[in-house]
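This briefing goes through one protein chain, topic by topic. Please keep the sequence and the model in view while reading.

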Amino acid sequence: NIDSKGDRHMCLLYVSHSSAALLSQKLAAKQISCRKWINVCHRHERVRYSKEEQEANEKIQMILIESLGPIDIESISDDIAVLCAAVIMIPCVMPVPRPEDINLPFTTCSEMQSWMGNNHCVIGEWLPFELACQYESARSGLKTTEIVEKMAEIVDIYDESIKTGLRGTTFEDRILGAQSVIYKQNLEKNGTLYDLGLIDSVILYTSAFMEMKSSFGLIVAGPTAGSCGTVPGCIIAAGKKLGKDRTDMARALLVCGLVGVFIATKSTFAAEEGGCQAECGAAGAMAAAGLVALKGGDTRQCFVASSLTLQSLLGMVCDPIGNRVEAPCLMRNVCAASMACSSANMAMSNYTAVIPFDEVIAAHWEICKAMPRSLRCTGLGGLAAQPSARKIEEELLKGRGCSSCSCSTPFNTY
């Protein structure tokens, strides 16, 4: 079963509807597994296609081939290739194969506590990242040193993306310009802004990373692209302030990832399922635990921080303006990151979360299911449905986006 054995390489075959069934049969005859086929034209209520585009899209279908190993394009023989309008190869970025016989030690906070008890682990004796490595090792079969090094590669991507973002990014089809550059300039002017200490760096780095995403730069979409700024904004900013190296930050990110595992197991990351509480809520909870781990806090404090953060972000809706993952997404990433910093300090000061993290995740999922469809990334409600948002959407459809600055009309208003 391809779906249960780890990361996959993918190949997209674009074909006409009339050829799709025949192509599927030919692939099956060659024992090439097709996971699914999808219509190219996904009709969104707020996306307008021209008549010509609509007609062209309706004639094309996409077949998705998945494989645990690299797909040899030559294995798609001429009689198959002749049916395809296009073939696109998508390799794995960081493939992690999964062992055949997998036995995960835990997938919830309570299971982790039981596992620690069964293995005579004392909270103070086990670093939080070591628990994360127990999970990752069972999932991947990799050794702790290999796991940490893979995560250190992600630290490198985070760091370089932030640096690139702070130099300024441009892209025509977007709402917001390079605002992090202005924030950086103001931070360098004494007295221009309030001195928020670490939070200033978190705002700066979160903004720069989100701007890299909006300009189609290289990012790590963790836990999602829409909430990708929160974790690196916190961990890279705090790591630099504390003088930590890439290994230290990688270990903190592993703790972030373990929190993500617990959320994904019992709830969701998808705003389409539960609003922005699913994305930025999860990202904030992950970042909070990572911050505690980076500062030397114990496992209990990590999950208290996660609980406090997620409790504070429950109910956050997803209403992206202009069908772009920019506004209010940037501010919500900053909000989640700031909340993570506050919760980390509170947890390390032994504030009580009152509600255990597993139960907060359960509440998170209940609220996700109750969230109105109009507030789940459909662009049909909230800020996305306001007159100014509709005007921005119309301008974007005309190709009038913000290419390089944050003051472009009509988006700069108050």
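Which helices each supply at least two residues of the lining of the second largest pocket? They are α8 (198-214), α11 (271-274), α12 (276-294) and α14 (329-348). The model is predicted, so local features need pLDDT of at least 70 and side-chain atom pairs count only at pLDDT 80 or more, while totals for chains, interfaces and linings use all residues. Residues are numbered from 1 along each chain as its sequence is written, and side-chain values use heavy atoms, with hydrogens and water left out.

**Overall make-up**

- The protein chain has 16 helices and 4 strands; helices (H or I, at least four residues) and strands (E, at least two) are DSSP runs numbered from the N terminus.
- Of the 414 residues in the protein chain, 46% are buried; buried means under 20% relative accessible area, exposed over 50%, and partly exposed in between (1.4 Å probe, protein chains only).
- Among contacts (heavy atoms within 4.5 Å) with a separation of 6 or more, 77% join residues 24 or more positions apart.

**Nonpolar cores**

- The largest nonpolar core has 76 residues, and M112, L253, L258, F262, F303 and F357 have the most contacts inside it.
- Helix α10 (residues 246-266) gives the largest share of this core, 12 residues.
- A second, separate core has 10 residues, including C11, L13, A20 and I63.
- A nonpolar core here is a set of buried Ala, Val, Leu, Ile, Met, Phe, Trp, Tyr and Cys residues joined through side-chain atoms within 4.5 Å.
- Beyond residues up to four places away in sequence, F357 touches C109, V259, F262, I263, A285, F303, S306, S307 and L310.

**Second largest pocket**

- This pocket has a volume of about 430 Å³, the volume being the space filled by probe spheres set on grid points that are joined across faces, edges and corners.
- A pocket is an open set of points, on a 1 Å grid over the protein atoms alone, where a 1.4 Å probe fits, with protein on both sides within 12 Å along at least five of seven lines; lining residues have an atom within 4 Å of a point.
- The lining has 24 residues, and K213, N323, R324, V325 and E326 lie nearest the centre of the pocket.
- By type, the lining residues are 11 nonpolar, 4 polar and 9 charged; Ala, Val, Leu, Ile, Met, Phe, Trp, Tyr, Cys and Pro count as nonpolar, Asp, Glu, Lys and Arg as charged, and the others, Gly among them, as polar.

**Around the loop between α8 and α9**

- A225 lies in the loop between α8 and α9 (230-242), and counts as partly exposed because its relative accessibility is 34%.
- Leaving aside neighbours within four places in sequence, A225 is in contact with M210 and K213.
- P223 is in the loop between α8 and α9, and a cis peptide bond with omega about -5° joins G222 and P223.
- S161, in helix α6 (residues 144-166), counts as buried at 3% relative accessibility.
- Not counting residues up to four places away in sequence, S161 touches F209, M212, L218 and I219.

**Other backbone features**

- N323 is in the loop between α13 (299-313) and α14, with a positive phi near 55° in a residue other than glycine.
- P328 is in the loop between α13 and α14, and the peptide bond from A327 to P328 is cis, with omega near 5°.
- C377, in the loop between α15 (357-370) and α16 (387-397), has a positive phi near 65°.
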